[in-house]
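Thanks, everyone. Please keep the structure on screen as I talk.

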Amino acid sequence: MDQKHHIAIFTTASLPWLTGTAVNPLFRAAYLYKAEERNVTLVIPWLSLKDQKLVYPNNVTFDSPAEQEKYIRQWLEDRIGFASGFNIKFYPGKFSRDKRSILGVGDISEIIPDKDADIAILEEPEHLTWYHHGKRWKTKFRLVIGIIHTNYLEYVKREKNGNLQAFLLKYLNNWVVGIYCHKVIRLSAATQDYQGSIVCNVHGINPKFLEIGKKKREQQENGDKAFTKGAYFIGKMIWSKGYKELLELLKDHQKELAALEFDLFGSGEDSEDVQKEAKKLEMTVRVHPGRDHADDLFHDFKLFLNPSTTDVVCTTTAEALAMGKIVVCANHCSNEFFKQFPNCWTYDNHKEFVELTLKAFSEEPAQPTDAQRHELSWEAATERFLKAVDLDKPFERKVLSRTTSNYMSTSINFQQSVEDASAYVHHVASGFEVSRRIFGAIPDSLQPDEQLRKELGFSNPANKSPGKLDSRDSLGSGHTSRLKERLQRYLQIFHQKGPHAAGSSRS
């Protein structure tokens, strides 16, 4: 009998798109597999050529999944310094222009054979399950762990009718995450809260940044001037990523900061507007295209400014700290993890921002200890993850029992009935094109189209009407009729006791 956990990591993006949900799950897979104590499969989206051209930078495209896998493995090995033997599999995806996101097509859980379905990690579980129509994750996998990456509510609030959209999205997220995940990890308290979730930063950084920091520390110890440049900011150049806050701070305090120089690096939809606003300032603010943060260009900057409050855990902040720089950032829950480092200086108001920025230009960064540097590594992040989900103990294969809600006033069986009925409702609603479109799904995304199936080597789907449940569906053979009965029972109780009686059984 295989005495190893089988871990499948599902995520919402893939290289060469250098976004957090492409990069961090890739590192997670490599470090979970590193000691070869576990079987690990990374499951990532495959896009047809027309979508690749919309998503991937610098006109990089792939003719086959094998070609993209080769690219990904080479990129990873160049950064971690070792070849990792985890598996990579692709699920069919389509790019949503309005959401600027990749959404899965069909039942992506089928990518993992039932015999290997042990532990699933859903990177952005809300994103992966909004339109999921297929096998129920909790039924297929013994343990389903959701990792919350994105502060979706904060982004939605910035759109038209944002407060209403955020209100509806909050309950939709609670619904799908509750019925599909056993455990939920929030990278910081900046994310939406979920019933029974824990806050733990389970992300690390590219080892290259720690190597850069090590060299800087050696320069400081030898009495050399390790940092010869001033202040900078790097990030995707859209207003919501901190550029609005930073330019407002610089505009409001031009006189106090006039003698200093600032460099902004990034590419994005708002690049032209950011450049225009920067030119209006009566101080030196240079705007540059995006670059790799590990580029030699950044090594000598002493101060990293990051006023963003929309990030969950800002990767560039962690990278700057690893390189030995001073970081001035907002006193916000997204930065809570970084407060343990002596070079992380937080401000509560404009006055403190100015004071800390001026102080940083006049002082040298502290030298981080080996223990502090380790906390930023993927080795430490992997240790935190395994401990958070109780996988740091000796191998033991057992079926998880469901935890009860703090507000539960009825039996576990009733909670099970309510959750099963809720999953049934979601399954039915997600199986019809009309209801999917109402909630924002990509048109015709219930099943992969012929082009995606051909590129991924899928067989032709069985003839089945969308939304019609049968023994192949998410709830298993013989389970549908029982769930219909439970749904009817739930509705009876709901009408008898009111919505609070039904709603108390789940978040």
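Let's start inside. The largest nonpolar core has 102 residues. Within that core, F86, I145 and F385 have the most contacts. Helix 1, residues 20-33, gives the largest share, nine residues. One caution before I go on: this is a predicted model.

Take I145. What does I145 touch, leaving out residues up to four places away in sequence? The list is I119, A120, I121, L122, K183, I185, F385, V389 and L391.

Now helix 15, residues 378-388. Its buried residues are W378, A380, A381, T382, R384, F385 and L386. Which elements do these buried residues pack against? Helix 1 and helix 14 (370-375) are two of them. The others are strands: strand 2, strand 5 (119-123), strand 6 (143-148) and strand 7 (183-186). Just after helix 15, D390 takes a positive phi of about 60°.

F385 comes up again with a charge. R28 lies over the face of the F385 ring, 5.8 Å from the ring centre. F86 has a charged neighbour too. There, the charged end of R73 sits over the ring, 5.0 Å from its centre.

On to the strands. Eight of the 10 residues of strand 3 are buried, so the strand is largely enclosed by the rest of the structure. On one side, strand 3 pairs with strand 2. The two run parallel, joined by six bridges. P45 has Y91 of strand 3 as its bridge partner. Strand 3 also pairs with strand 4, residues 101-104, this time antiparallel, over four bridges. In that pairing, G93 stands opposite G104 of strand 4. Strands 3 and 4 form a hairpin with four residues between the strands. R100 in that hairpin takes a positive phi near 55°.

Next, the rings. Searching the whole structure gives 26 aromatic pairs. Here is one: W46 and F90, edge-to-face, 6.1 Å centre to centre, with 90° between the planes. This pair links distant parts of the chain. W46 is in strand 2 (residues 38-46), F90 is in strand 3 (residues 87-96), and they are 44 residues apart. Are these two buried or exposed? W46 is buried, at 1% relative accessibility. F90 is buried as well, at 8%.

Compare the geometry of W137 and F141. Their ring centres are 6.0 Å apart and their planes are at 20°, so this pair is stacked. Both residues are buried.

Ring pairs link Y232, F233, Y243, F265, F298, F301 and F304.

C314 is in no disulfide. The nearest cysteine sulfur to that of C314 belongs to C329, 8.8 Å away. C314 is buried too, at a relative accessible area of 8%.

How values were computed. Residues are numbered from 1 along each chain as its sequence is written. This is a predicted model: local features need pLDDT of at least 70, side-chain atom pairs count only at pLDDT 80 or more; totals for chains, interfaces and linings use all residues. Side-chain values use heavy atoms; hydrogens and water are left out. Rings of Phe, Tyr and Trp (its six-membered ring) pair if their centres lie within 6.5 Å; planes under 30 degrees apart count as stacked, over 60 as edge-to-face and the rest as tilted. Buried means under 20% relative accessible area, exposed over 50%, partly exposed in between (1.4 Å probe, protein chains only). A charge sits over a ring if NZ of Lys or CZ of Arg is within 6 Å of the ring centre and within 35 degrees of the ring normal. A nonpolar core is a set of buried Ala, Val, Leu, Ile, Met, Phe, Trp, Tyr and Cys residues joined through side-chain atoms within 4.5 Å. Contact means heavy atoms within 4.5 Å. A disulfide is a pair of cysteine sulfur atoms within 2.5 Å. Two strands pair if DSSP finds at least two bridges between them.
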